[in-house]
Amino acid sequence: MFDFIHQGFTYFFAFFVLIGLLIFVHEAGHFLVAKYFKVRVETFSLGFGKKILQIKKGDTTYCLSMIPLGGYVKMFGDVPGKEVPKELEHCAFLKKPVGARIAIVLAGPLMNLFFAMLLFTIISFVGEKMPAPIMGDVAAKTSASIAGFNAGDQIKTINNKPIQSWVDVNKLIKKSPDKLLTFNVLRNGENVSLQVTPTLSENADLVSTDSHIGSIDGFKNYSEASVVGVNDANSIASKAGFGAVDLITEVNGKEIKFMRELKNELSQATAGQVISFKVENFLEDKAKSRAVKITSNFNAPKLSDFGFNSTELFLSQVKPDSPADKAGLIKGDQITMVNDKPLNKWEDLLNSVKSYKAADKTLAFTIIRHNQGIKTFNIQPEMTSLLTNEGADEKRYTIGIMPAIGYATNKYIIVKAGSFIGSLKQGLSQSMLWTKNVALSFVRMIQGRISSKNVGGIISIGKFAGQSYEAGISAFM
């Protein structure tokens, strides 16, 4: 209950800081330009409706009004058809030249643009948190693997151009289709040179002007997290106290983040050795750490020796009132078969549900529930409209479940522009980029390529304001 109240207050506070600043900057634009052209400003209000606080200074009443979802600047002589005394025409809005009136009207939105540029400049000068240019897991037989890249490789330069973050890596790869790139990477303290040619691929980013970009198969900066699933009540892990899906954060006092690190650490254990784990319940939002100890019965044990499984077919979420929820599936269940057909990966499960036909009525899901054994549930999928990662609307059959697949990125670094001029250039560049993205988003909606569901209102603004505020001041700005 306390966490809920705290989160509500955080979101409420972040929302009003966000809205308040944007309204103030916008109205300040109208106000300052009106003053410049010597137009009398009668009221400067943050909010609408009844005034709850007001101070008069000179000709202007500055006030805070009850409904904080906007604001206004009331200028003298701005009502068409209303007579203005001859001696006051010099300070009436409608008596000013057309150019001055246009400037006053445009000043609000332009001030918001300048404000965005200022914020981006500050972020660039102070430093922005970005993913480090370090390779994640490299799958076998991919282009990245064939070229010789390993997980943990730190990219220093590409074609002799210094690399600061993974964002730089992505940009260079995207704009270099069919061009040979030479990577200088740092591996275990040694410099290694690797070459690979990005292939021309269709761009999934719907708000990009580029229909095709360069890409390298298997090239990513994230890895499988050290998340394990346990379904057998008689396994060593279950008897030791592991839950259905747990995140292992330490092994024998050593911090663990990736699955590859967990496998490597366990492979060094010997028969009879007591292995100390620090774990968290992966299925809880704010899980507390707990200690678990296991005595190894093997030399260089594998995950399966303890009863650990891949979590790809375990459930992390079951949507309330969904077909899966109504049938009785719960978080932590491991789905092993659909209509008696064994599943090897999450994609197999998705394909089984997607290919459902109404004439089939139901699909038989076989699951293993932690410490309870095998169960079967008959579930009837429902047609659902979903937003893809790219923002498009997709209709397909679903049952309302999410996999307990965990990924982790490498460390983050603080990237600074290095000089005030560099920060200013970055501020201008980012402002132009986001202005273009907003404009293209509306174009794609008109074209039907992006769903109108991506447009949010007050609740969405509050939600994302709160989430960004919790992520840090840089993200919020």
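This is a predicted model: local features need pLDDT of at least 70, side-chain atom pairs count only at pLDDT 80 or more; totals for chains, interfaces and linings use all residues.

Reader: How many residues are in the largest nonpolar core, and which touch the most other members?
Author: A nonpolar core is a set of buried Ala, Val, Leu, Ile, Met, Phe, Trp, Tyr and Cys residues joined through side-chain atoms within 4.5 Å. Buried means under 20% relative accessible area, exposed over 50%, and partly exposed in between, with a 1.4 Å probe and protein chains only. The largest core has 20 residues, and those touching the most other members are Leu315, Leu329, Ile335, Leu349, Phe365, Ile399 and Ile401.

Reader: Which elements give two or more residues to this core?
Author: Helices (H or I, at least four residues) and strands (E, at least two) are DSSP runs, numbered from the N terminus. The elements that give two or more residues are β16 (315–318), β17 (334–338), α9 (346–354), β19 (363–369) and β20 (373–379).

Reader: What does Phe365 touch, not counting residues up to four places away in sequence?
Author: Contact means heavy atoms within 4.5 Å. With residues up to four places away set aside, Phe365 touches Ile335, Met337, Val338, Leu349, Val353, Lys375, Thr376, Phe377, Ile379 and Ile399.

Reader: How many salt bridges does the structure hold?
Author: A salt bridge is a side-chain nitrogen of Lys or Arg within 4 Å of a carboxyl oxygen of Asp or Glu. By that rule, the structure holds 10.

Reader: How far apart are the closest N and O atoms of Lys74 and Glu42?
Author: These two residues form a salt bridge. Lys74 sits in strand β2 (residues 60–75) and Glu42 in strand β1 (residues 41–57), 32 residues apart. Lys74 is partly exposed at 29% relative accessibility, and Glu42 is partly exposed at 27%. Their closest N and O atoms are 3.3 Å apart.

Reader: Is Asp153, the salt-bridge partner of Arg187, buried or exposed?
Author: Asp153 pairs with Arg187, the closest N and O atoms being 2.8 Å apart. The pair links distant parts of the chain: Asp153 in the loop between α3 (143–147) and β4 (154–158), Arg187 in strand β6 (residues 181–187). With a relative accessible area of 1%, Asp153 is buried.

Reader: Where do Glu250 and Lys278 lie?
Author: Glu250 forms a salt bridge with Lys278, the closest N and O atoms being 3.8 Å apart. The pair is 28 residues apart: Glu250 lies in strand β12 (residues 245–251), and Lys278 in strand β14 (residues 274–281).

Reader: Which residues do salt bridges that share partners join into one network?
Author: Shared partners link three residues into one network: Glu42, Lys74 and Asp78.

Reader: How many aromatic pairs does a search of the whole structure find?
Author: Rings of Phe, Tyr and Trp (its six-membered ring) pair if their centres lie within 6.5 Å; planes under 30 degrees apart count as stacked, over 60 as edge-to-face and the rest as tilted. The search finds 20.

Reader: Why is the pair of Phe149 and Phe219 edge-to-face?
Author: Both Phe149 and Phe219 are buried. Their ring centres are 5.0 Å apart and the pair is edge-to-face because the planes lie at 85°.

Reader: Which residues form one aromatic cluster?
Author: One aromatic cluster is formed by Phe24, Phe31, Phe44 and Tyr62.

Reader: Which backbone oxygen lies 2.8 Å from a polar atom of the side chain of Ser45?
Author: Ser45 lies in strand β1 and is buried, with a relative accessible area of 0%. A polar contact is a pair of N or O atoms within 3.5 Å; within protein, one must be able to donate a hydrogen and the other to accept it, and residues adjacent in sequence count only if both atoms are side-chain atoms. The backbone oxygen at 2.8 Å belongs to Gly47.

Reader: At what distance does the side chain of Ser468 reach the backbone oxygen of Phe464?
Author: Ser468 is placed in helix α11 (residues 458–471) and is buried, with a relative accessible area of 17%. The backbone oxygen of Ala465 lies 2.9 Å from a polar atom of the Ser468 side chain. For the backbone oxygen of Phe464, the distance is 2.9 Å.

Key: Residues are numbered from 1 along each chain as its sequence is written. Side-chain values use heavy atoms; hydrogens and water are left out.
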